[in-house]
Amino acid sequence: MKPGWSISLYGEIPQGGIAVVGLPDAGLVGPISTSHLVKQWDLRNIGYIDSPSIPPVILFHEASPLLPIRIYGGYKGNDFILVVHSDVAIPPKSIYGLSSFLTAKLVEKGVKRVFLLGGIAVQDRLNIETPKTYAASIEAETLDYARRMGIEPLKEGFIGGVYAQILKEGYKRGLSALALLSECFLNYPDPGASASTLQAFSKLVGKEVDVRQLIEQEEEIRLKLRELMKRTMETMKGSGKEYEYTIPALYV
């Protein structure tokens, strides 16, 4: 029997919202970004996703229990923002199940667009002061909008891991999904790359995100998240991330 996924919500989610996903991957750009966004926009914890196929852990913050994959939400202007944030790395064997479950739920909730916040590892990150952000989408119209807003499309190459599977599931289900991937370290938490990702996200949704704290506390964040980075590196083996360094045979 395959391990199932479940979602628990503490209230109704309005139709037509914007979803933002931050899952552990290269440089932990996703969870650093969504953690900052939740604090910046004062979003509240509105539920969680769980499965026997993720590590059996529970967090405590100020003596209150928190499940590792949480959902935050709240209004920013006229838009309801739904954030999916994970504090645990997703094991390769769980990527398909989570991606399929998550996209089905987002379609069911009438989400109008999904933003996948993440990073794309580059070898010369040390020499890059301001990481560039690339956009990848399953929809030409969405990608064109990103281009018009000054975000360069990812023109060639593979995307691997959980975001690749969410994009595939979104394509099959007709869910508008856009990945924002900033140049980052592969195996070091990268708040600088998260700042670039959030600035690109801010342009696309037309809502301000102050990233100064990410820049000012870069070293502190990096130290606090080094264990999660270590766990994430272990799960990235066999998740498809290795293909990101491969040139597609079609273009050889």
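These legends describe close-up views of a predicted model. Residues are numbered from 1 along each chain as its sequence is written, and side-chain values use heavy atoms, without hydrogens or water. Because the model is predicted, local features need pLDDT of at least 70 and side-chain atom pairs count only at pLDDT 80 or more, while totals for chains, interfaces and linings use all residues.

**View 1. S202 in its helix.** S202 sits in helix α5, residues 191-205. A helix here is a DSSP run of H or I, at least four residues, numbered from the N terminus. S202 counts as buried because its relative accessibility is 16%; buried means under 20% relative accessible area with a 1.4 Å probe, protein chains only.

**View 2. The partners of S202.** A polar atom of the S202 side chain lies 2.6 Å from the backbone oxygen of K207. Leaving aside neighbours within four places in sequence, S202 is in contact (heavy atoms within 4.5 Å) with K207, E208 and V209.

**View 3. The second largest cavity.** The volume of this cavity is about 50 Å³. A cavity is a set of points on a 1 Å grid, over the protein atoms alone, where a 1.4 Å probe fits but cannot get out. Volume is the space filled by probe spheres set on the points.

**View 4. The lining of the second largest cavity.** Lining residues have an atom within 4 Å of a point. Among them are I7, I49, L82 and K105. Eight lining residues are nonpolar, none is polar and two are charged. Helix α2 (92-108) and β7 (79-86) each supply at least two. The most come from α2, with three residues.

Definitions and conventions: Buried means under 20% relative accessible area, exposed over 50%, partly exposed in between (1.4 Å probe, protein chains only). A polar contact is a pair of N or O atoms within 3.5 Å; within protein, one must be able to donate a hydrogen and the other to accept it, and residues adjacent in sequence count only if both atoms are side-chain atoms. On a 1 Å grid over the protein atoms alone, a cavity is a set of points where a 1.4 Å probe fits but cannot get out, and a pocket is an open set with protein on both sides within 12 Å along at least five of seven lines; lining residues have an atom within 4 Å of a point. Ala, Val, Leu, Ile, Met, Phe, Trp, Tyr, Cys and Pro count as nonpolar, Asp, Glu, Lys and Arg as charged, and the others, Gly among them, as polar.
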